[in-house]
Amino acid sequence: MAVSLTVNGDGRSLNIEGDTPLLWVLRDELGLKGTKFGCGAGLCGACTVHLNGQPVRSCSTPVEMAAGGDVVTIEGLGGGSRLHALQDAWIEHGVPQCGYCQSGQIMSAAHLLASNPAPSREEIVAAMTGNLCRCGTYSRIIAAVESVVADTSDGAQGGAA
């Protein structure tokens with residue numbers, strides 16, 4: 001099946017089976033290794049990407065559902081060589097231990113901030129609940145998101161889109 005989609009701003013055309021998970025298209029066909037395979041059932045959030053502005057679990061999203069769509073992965077979140085404000089905050093707060101879940105965590109947080117630029121702590125916790133961190137860095141994840149919210153509300157230039 002011929003599938004065309006936009007990935008991180010670049011038009012891509014592939015000849016691939018329509019039921020191939022988007023995750024494998026991103027990793028194996030396009031070489032974008034930032035999105036991780038976790039559970040394979042859409043439960044852990046490690047594979048979260050944005051499809052048409054919405055977070056989706058790429059391990060359980062067939063590529064045919066992304067046909068004609070706009071996909072953003074962790075590699076495309078920032079602006080060119082510039083990191084997204086959340087990526088900077090992740091570094092500043094020392095969020096990752098093993099780092100495996102972090103791309104999915106950041107993609108979920110980015111969607112939250114794009115839809116709600118000033119979430120409360122409770123809203124941050126609720127939005128991040130679907131992403132598992134086996135290392136348990138949840139307090140640092142929340143602190144990193146809160147720091148981006150604070151920087152944005154203080155008038156600093158964020159990148160929370």
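Buried here stands for under 20% relative accessible area, exposed for over 50%, and partly exposed for what lies in between (1.4 Å probe, protein chains only). The model is a predicted one, so local features need pLDDT of at least 70 and side-chain atom pairs count only at pLDDT 80 or more, while totals for chains, interfaces and linings use all residues. Residues are numbered from 1 along each chain as its sequence is written, and side-chain values use heavy atoms, with hydrogens and water left out.

Helices (H or I, at least four residues) and strands (E, at least two) are DSSP runs numbered from the N terminus, and two strands pair if DSSP finds at least two bridges between them. On that basis, β1 runs antiparallel to β2 (residues 10-15), joined by 6 bridges, and Leu 5 has Arg 12 as its bridge partner in β2. The two strands form a hairpin with 2 residues between them, and Asn 8 in the turn has a positive phi of about 50 degrees. With β5 (residues 70-72), β1 pairs in the parallel sense over 2 bridges; there, Val 7 is partnered by Val 71.

Now to the sheet as a whole. It is open and mixed in its pairing, with 5 strands in the order β2-β1-β5-β3-β4. β2 and β4 (54-57) are the edge strands, each pairing on one side only. From one strand to the next, the twist averages 40 degrees. Between β3 and β5, which run antiparallel, there are 2 bridges, and the partner of His 50 in β5 is Val 72. Helix α4 packs on this sheet and touches β3, β4 and β5, its direction making about 40 degrees with that of β3. Contact means heavy atoms within 4.5 Å; axes are lines fitted to C-alpha atoms, for helices over the stretch in contact, with angles from 0 to 180 degrees between N-to-C directions.

Helix α1 (residues 22-29) has Leu 22, Leu 23, Val 25, Leu 26 and Arg 27 as its buried residues. Their cover includes β1, β2, β3 (48-51), α2 (63-66) and β5. After α1 comes Gly 31, with a positive phi near 70 degrees.

Finally, a look at Tyr 100, which lies in the loop between α3 (85-92) and α4 (102-115). Tyr 100 counts as partly exposed because its relative accessibility is 40%.
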